Amino acid sequence: MVWHPYSAVNADLCIFPVKSAQGVVIKLMDGRELIDGMSSWWSAIHGYNHPVMNQAIIRQLESMAHIMFGGLTHQPAVELAAKLVEITPNSLATVFFSDSGSVAVEVAMKMAIQYWHSKQQPNKQKMLTIRHGYHGDTFGAMSVSDPVNGMHSLFASSLAQQIFVDAPSCKFHQTCTANDSQPLIEQLEKNHQQIAAVILEPIVQGAGGMRFYSPDYLKHVRELCDQFKVLLILDEIATGFGRTGKLFACEYAKTEPDILCLGKALTGGYLTLAATMTTTEIAQSISHHDPGVFMHGPTFMANPLACTAGLASLDILLNSSWQEKIVQIEKALKIGLKPCLDFPQVKDVRVLGAIGVVELQSPVNLKTIQPKFVDEGVWLRPFNKLIYLMPPFIITDDELHDLINAVIKIISRI
Ligand code: PMP
C-alpha cells in the first residue's frame, strides 16, 4: 500500500494515475489531459519532459549518477554552487547542498545556532518567526511553522519551543505601520540573548495561507536583526527562481539575508535538491571554532544528477525572457480572476507574479472538488480555503485562459 501526502492510508482517496507529462500537460492513464496549474508544488517551472533538461541529465547519467560528497567533489556541484553565488544577493558566498526544502531549513537553523556557539553565545538557540509561516515537515521546520495549522498540538512535547509574533497586516503594495513590527521589536528587546535567528518566507507566505506582505516589513526586519544581533534566515524555497516576478523575493525589499534556503524550482522540478547559503563570515566563524566543522552531511548531498538538473534549469531560466513572461502571467491572472470577487463564497483574490490565489469564505471539500477540476481538464490542488494557481512559466495565454475559466466555473458552483 502506498501512502500519499497528508493522507490516511486506507482512505477512499481520489488519486489519478499519471501516464506521462509534457510541457504544461499532465496525461492521465485513462487518456484525459490536464493543464497543470501547480508546477508540481512550485517546482516544474519549465514544464515537464523538457528536451534540454532531459539531455543534460542523460549526459550526466552516463558518467556518474551519484558519488558521496564526503572527501570527494565533482563538477556539477562546483558549477552549481558558483552559479548560485553569482545570482543570489552579494553577501551569500557559500553553499551547503541537501536533499529537500525541509532539510535545507534544518541546516539553516543549525548553522545559525552553530554560528552563535562559535561566537561564545551558546544561549542563542531559539528562532523567532511570524505566524502563518510554513517551512516544512521535519521537526525543526515544523517548530517554526504556524502553530495552529502547522501540526504543533499533535507533536507539542517533541517540538522545540520557538517564539512567534503576529504576521504583518500590511499587504504587498502598502507601507507598513509601527503596529506591524511592534510585536517583533518587543520579542527582540526581551529575548535577543536567546534568539539565534529570525526565520521568514520573504514577501509570500506560502502553505501557511498564501499571504503577500509588504517589502517594507522585510526591510524593517533586516534592520531589527542587525540592531539586536540576530541572524536573518530567508526561506526562498517556494519563492525562489522567478515565481514572484523577481529572481528572489527578497529583491523586492533590497534585503540580503545571512542565511538563504533554496529548493523546489532549483532543479526545474526534476530531482530533489536544496541548498542553504550563507556569508563568508558565518561559514568561517563556524569553521574556525570548536568543533571546527559544520555538523551536517546527508548521504545524497550534492547528488550529481540533481546538480546537473539545477545547472540546466538555471541556464534555461536565465537565458529566457522570464521577467516578461511573469508579468504577462500576472496580468492574465489579475484580469482573469477578478470576476471571482463577485461570488459571495469568495473572500479575497490576490495575485503576485505567477501566483494567483482565490481565498474562499469556507474550506473546500477536496474529495468532491478535485474530480471537478479534473473533469474541466485542469490540475489544481486547493487546500483549506485556498484555490491557488502557480502554473509553469511556459504556459501559453490560451492554456492560462482555460485554467482560469475552470476556476471560475467550479467556484460559481460551490
Ligand atoms: N519552505 C517552504 C517555504 C515551502 O513552501 C516548503 C514546501 N512546501 C518547504 C520549506 C519544505 O520543502 P520540502 O517539501 O522540499 O521539504
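**Helices, then the ligand**

Tutor: Helix H11 (residues 366-375) and helix H12 (residues 397-412) have axes that come within 10 Å and cross at roughly 140° (axes are fitted to C-alpha atoms over the stretch in contact, with angles from 0 to 180 degrees between N-to-C directions; helices are DSSP runs, H or I, of at least four residues, numbered from the N terminus). This is a predicted model, where local features need pLDDT of at least 70, side-chain atom pairs need 80 or more, and totals for chains, interfaces and linings use all residues. Residues count from 1 along each chain as its sequence is written, and side-chain values use heavy atoms, leaving out hydrogens and water.

Helices H6 (residues 178-191) and H7 (residues 215-228) pack at about 15°, axes 11 Å apart, so H6 is roughly parallel to H7.

Now your close-up: around the ligand you'll find Ser100, Gly101, Ser102, Tyr134, His135, Gly136, Glu201, Asp235, Ile237, Ala238 and Lys264 (each with a heavy atom within 4 Å). Pick out Asp235: one of its polar side-chain atoms lies 2.7 Å from a ligand nitrogen. On the ligand's oxygen side, an oxygen atom is 2.6 Å from an N or O atom in the side chain of Ser102, and an oxygen atom is 2.9 Å from a polar backbone atom of Gly101 (polar contacts pair N or O atoms within 3.5 Å). Taken alone the ligand exposes 390 Å², and the protein buries 81% of that (Shrake-Rupley areas, 1.4 Å probe).

Notes. Polar contact = N/O pair within 3.5 Å; in protein donor to acceptor, adjacent residues only side chain to side chain. Helix = DSSP H or I, 4+ residues; strand = E, 2+ residues; numbered from the N terminus. Parallel < 35°, antiparallel > 145°, perpendicular 65-115°, else oblique.
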